[in-house]
Amino acid sequence: MSDSSSVQSKKQEEELYELAQHDLVASVLYNPDSLNKILQIISVEDFAHEKYSVVMQAIVHVLRDDTPINVVSVAKKLEETGFLGFVGGMVELYDLYSEGEEISVSNPPSVIANIVKESSIKAKVRDSLKESLSTFEYDSGMTASSAIEEVQSFLSEQALVLNDDSSVTTAEEYVKSFDEVLAERKKISEENKEISGGLQGIPTLLPSLNKYTSGFTPGQLITVGASTGGGKSVFAIMCTNAALKAKKSVMFFSLEMSEEEVFDRVYANMAEVRLNNIKSGDVSDEERARLKETSEFLSTAKLKIDANPKETVDSIRSKAVKQQQTEEGLDFIIIDYLQLISASARFNSRQEFIADLSRNIKLLAKTLQIPIMILVQLNRPKGESTENERPTLDRIRESGAIAQDSDIVILLHRENSVDNKIPQTLVLLEKNRSGESNKTIRCHTELAYSDFREVKSKDLTGGEGSDGDNIDDDSSFDETGTAAADEFYSDDFNVDFDFEDGEDFFDD
């Protein structure tokens, strides 16, 4: 396309954009009842033409004042703000009102609103790309990857805005489709029966947690908290492997560990080979066979690990959107861990920044319609509290907003060791919007294998199976029960865990 043709095309597009803004304002003045529907599609910021932007702002203010929208009320609002003369006075407003009748007949306001939205985003993208050119200069002070990432993030954000369909559903609409909803859920349960026990969402490796949550479902924000060395990364690796076994696509953002460290833990957990053996390369023939089998599985598994230590919420969003658009898609995101994410803007306080992070990640989960797990640090107990005191939601470091935004909050707790034995890890389900909460799941602590194994009910009662309800009552779990569980565990897995052997793996 020649330069003259390009200029002509741009001019025509700008004229169409201005005409759409004119027509939309005229339609709303003539038919104010359409405004609420229109505001679900566009905002005042989508108006680039100053005159029509000012009129639309006045219309919205009249709506907020709960005053009938008409030429007189809009003119009064414009007069109060000193803009009535700027837009052409009452004459111009009446002209717009008169034109609105014919425009509304030929084009529904919602159609015009979509044109305004499309044109607005195109204009914003053009302007942004033009401004971003300076970041690709040699003396910009920004690396090429950072400049590209900034552009990608903005483009991904605009794409999400365009794809943001109406989120409103009436009870009548839902009732009509309820039988279909039940049929779809049954279908999912049947399909997932073998790989995840018929759960609706992504499973974990802990049966009782699966029972309480029904798996991690689309749009959920799952927060996993622990003190330093409490096993957050171990839990994240377990959830990664459970999702991969359920044939899900996983993105693991590791801001603390390298790709090699993450993969080593994935292998240790999945192949049941000691992490130290994998690091040293000193593995037995039997272990080598299990590692080979794990390699064959992982070679076809849908796992992406991103170990950029300078990750921002914008870069995470950009990479997630890009991955979801691939053939593999994206089913699950894990971020290890939240407080290490870099700020991409200035905030008045660290607490404000963390709250903004939490909110944006929750919005990303809802927008992409996938569960996102974030790992967070817990503060140490205050005052006279002891290290053995169970953690609560208010100990999440730096912001209470994290717990508020989360659909599920899981806290990990391990009491002090006794006789150099690694104590059991308590998985505390503190919050669960869609099911039971305040549940305790006791697990054997297998740090050498990057694993927690749920204590089976027969460890406690002599019976069979695994049932979280049987282990919620801490009074039934006395020292005798603990000893019996440890004995069963060692016999069952033929390992002897002492404190020194696992100490190196307390770091998350």
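Which helix gives the largest share of the nonpolar patch? It is helix α5, residues 89–106, which supplies three residues. This structure is a predicted model.

**The surface patch**

The nonpolar patch covers about 440 Å² of the surface.

**Two packed helices**

Helix α15 packs with helix α16. The angle is about 10°. Their axes lie 11 Å apart. Angles under 35 degrees count as roughly parallel, and α15 and α16 are therefore roughly parallel to each other. The table shows who makes the contact.

| Helix | Residues spanned | Residues in the contact |
|---|---|---|
| α15 | 313–324 | Val313, Ile316, Arg317, Ala320, Val321, Gln324 |
| α16 | 350–368 | Leu357, Asn360, Ile361, Leu364, Leu368 |

What classes of residue make up this contact? Eight are nonpolar, two are polar and one is charged.

**Salt bridges**

How many salt bridges does a search of the whole structure find? The search finds 13. Where do the partners lie? Lys117 is in helix α6, residues 109–132. Asp46 is in the loop between α2 (35–38) and α3 (50–64). The pair therefore ties together parts that are 71 residues apart in sequence.

Methods:
Residues are numbered from 1 along each chain as its sequence is written. This is a predicted model: local features need pLDDT of at least 70, side-chain atom pairs count only at pLDDT 80 or more; totals for chains, interfaces and linings use all residues. Side-chain values use heavy atoms; hydrogens and water are left out. Axes are lines fitted to C-alpha atoms, for helices over the stretch in contact, and angles run from 0 to 180 degrees between N-to-C directions. Helices (H or I, at least four residues) and strands (E, at least two) are DSSP runs, numbered from the N terminus. Angles under 35 degrees count as roughly parallel, over 145 as roughly antiparallel, 65 to 115 as roughly perpendicular and the rest as oblique. Contact means heavy atoms within 4.5 Å. Ala, Val, Leu, Ile, Met, Phe, Trp, Tyr, Cys and Pro count as nonpolar, Asp, Glu, Lys and Arg as charged, and the others, Gly among them, as polar. Patches are made of residues with over 30% relative accessible area and no salt bridge: like charges are joined within 9 Å, nonpolar side chains (Val, Leu, Ile, Met, Phe, Trp, Tyr) within 5 Å. Accessible areas come from the Shrake-Rupley method with a 1.4 Å probe; for residues, only the protein chains shown count as cover. A salt bridge is a side-chain nitrogen of Lys or Arg within 4 Å of a carboxyl oxygen of Asp or Glu.
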